[in-house]
Amino acid sequence: MIKRLSLLAASLLLASAAGAVVVQETTPVSLFSLSGPLEGPDDNSTGSQTGQLSLFNKDPLTFTLLSASLTLSSAMSTAGSLRQDDGSPISASVTSAVDVAFSSALASLDLTTYGFSLSKSGTSSAIDGSFLLSDSKDVLLPSFFMAEFIGAGTFGVTCDFLGGFSSGATNPITIQTTTATCGASITYTYAYDDGTTGGGGGGNGVPEPSSLALVGLALAGLGALSRRRKL
């Protein structure tokens, strides 16, 4: 982490000294949707799909990539009802869960430790046996300084899902549908000479004083970490 802050501080300092503009540009992608009726308790469903994110495709003679950060997200929703054989509703505990695993086509971008579980519990209605369960989660990965992000084209991010449902009722007739969605976005922070017309893609330019402020924050963070290590 100290090495990353050092690299970022040095990059921002060089950009500021050169009269450059620092830009952040984000590319989102929607990756996956899982849905289908899961009949009966303890059944599960799996799914997988890959989405593409853009690489940093700008002229290296004009633009300097300072960092790349990735945000992963997912959401799940389960709707249905519990009934007895005669059709009468059941009021009982219900739980829906979806495990989400991520992977990437970039060999150096290891996403295996960033998976997470979505889970929601509740009670089905005594009136009609209905239930609705939902959960969502986002995770922001730290900034990366990897040459693999630079180049033309895209790279893949894959979501793998394992969904399951259970209830506290004994032998219920379960009707339910689970829907899960997954997404990702990558944010590039880069600098370019303020004498050019670059920085497109909807990025918001940050003038030189703001760049200097960023340098100050980065250096302050380095100092705090250094003092902590000495203690």
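Reader: Why does Glu-25 count as buried?

Author: This is a predicted model, and every value here is computed from it. Glu-25 has a relative accessibility of 14%. Buried means under 20%, so Glu-25 at 14% falls in that class.

Reader: What makes the pair of Glu-25 and Lys-58 a salt bridge?

Author: The closest N and O atoms of Glu-25 and Lys-58 are 3.8 Å apart. The cut-off is 4 Å between a side-chain nitrogen of Lys or Arg and a carboxyl oxygen of Asp or Glu, so the pair qualifies. Glu-25 lies in strand β1 (residues 20-34) and Lys-58 in the loop between β2 (44-54) and β3, 33 residues apart, so the pair links distant parts of the chain. The structure holds one salt bridge.

Reader: Why is the link between Glu-25 and Tyr-190 called a polar contact?

Author: The two side chains make this contact at 2.9 Å. A polar contact requires N or O atoms within 3.5 Å, and 2.9 Å therefore meets that distance limit.

Reader: How do you know that strands β3 and β8 pair?

Author: Pairing takes at least two bridges. Strand β3 (residues 63-83) is joined to β8 by 20 bridges, so the two pair, and they run antiparallel. Within this pairing, Met-76 stands opposite Ala-180 in β8.

Definitions and conventions:
Residues are numbered from 1 along each chain as its sequence is written. This is a predicted model: local features need pLDDT of at least 70, side-chain atom pairs count only at pLDDT 80 or more; totals for chains, interfaces and linings use all residues. Side-chain values use heavy atoms; hydrogens and water are left out. Helices (H or I, at least four residues) and strands (E, at least two) are DSSP runs, numbered from the N terminus. Buried means under 20% relative accessible area, exposed over 50%, partly exposed in between (1.4 Å probe, protein chains only). A polar contact is a pair of N or O atoms within 3.5 Å; within protein, one must be able to donate a hydrogen and the other to accept it, and residues adjacent in sequence count only if both atoms are side-chain atoms.
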